[in-house]
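Try each task before reading its solution.

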Amino acid sequence: LLAMSTAGCAPVRSPTTEPRINRAEVIEVVDGDTVRLDVAGRIENVRLIGIDTPETKHPTRGVECYGPEAASFLTALLPPGTVLRVERDAQARDSYGRLLLYVYLAHVDGERFVNLEIVARGLARPLSIEPNVRYEHNFVDAAFDAQRNLRGLWAACK
């Protein structure tokens, strides 16, 4: 990796230099698979690992089928101030500099694995990008179940 693009720029963090985190607070939901979180006092754009929701703000694709529903679901699930448990995989950031995380919400019955719930409800398709594939099979199984049962985008979008 190129550590610095020009003199005076901050170095790109590698997985070994990225600080370990396990908690974050929701600042805002950007769309169905992207949120802004306060991570140890630093505001981070976070991409949820393993999922891909339809677009709502893409500059060339526009609003895609079921994108607004995915964004609305995540907005309702994670209002500002919500505290999450977060987990990294092998690679800490994507090529856009976004932090890559699995996120968990405390629930009366334990934790809700937010990334997985989005797929299980038919709001996203699985997206596997090496090396961050720890829960790949869980996402694929949930997507097959959502598709088989015509949940969410599987019923609404062609």
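**Exercise 1. Find what share of the chain is buried.**
Buried residues, those under 20% relative accessible area with a 1.4 Å probe and protein chains only, make up 42% of the 158 residues in the chain. Please keep in mind that this is a predicted model, where local features need pLDDT of at least 70, side-chain atom pairs count only at pLDDT 80 or more, and totals for chains, interfaces and linings use all residues. Residues are numbered from 1 along each chain as its sequence is written, and side-chain values use heavy atoms, with hydrogens and water left out.

**Exercise 2. Trace the order of helices and strands.**
Start with DSSP runs, taking helices as H or I of at least four residues and strands as E of at least two, numbered from the N terminus. The chain then has four helices and eight strands. Their order along the sequence is β-β-β-β-α-β-β-β-α-β-α-α.

**Exercise 3. Describe the largest nonpolar core.**
First, join buried Ala, Val, Leu, Ile, Met, Phe, Trp, Tyr and Cys residues through side-chain atoms within 4.5 Å. The largest such core has 35 residues, and L37, L74, L78 and I118 have the most contacts inside it. Next, look at the contributors: elements giving two or more residues include β1 (23–31), α1 (67–77) and α3 (136–148). The top contributor is β6, with seven residues.

**Exercise 4. Which residues does I118 contact, leaving aside neighbours within four places in sequence?**
Count heavy atoms within 4.5 Å as contact. The partners of I118 are then G32, L48, I51, T53, F73, L74, L123 and A124.

Terms used: Buried < 20%, exposed > 50% of the residue type's maximum accessible area, 1.4 Å probe, protein only.
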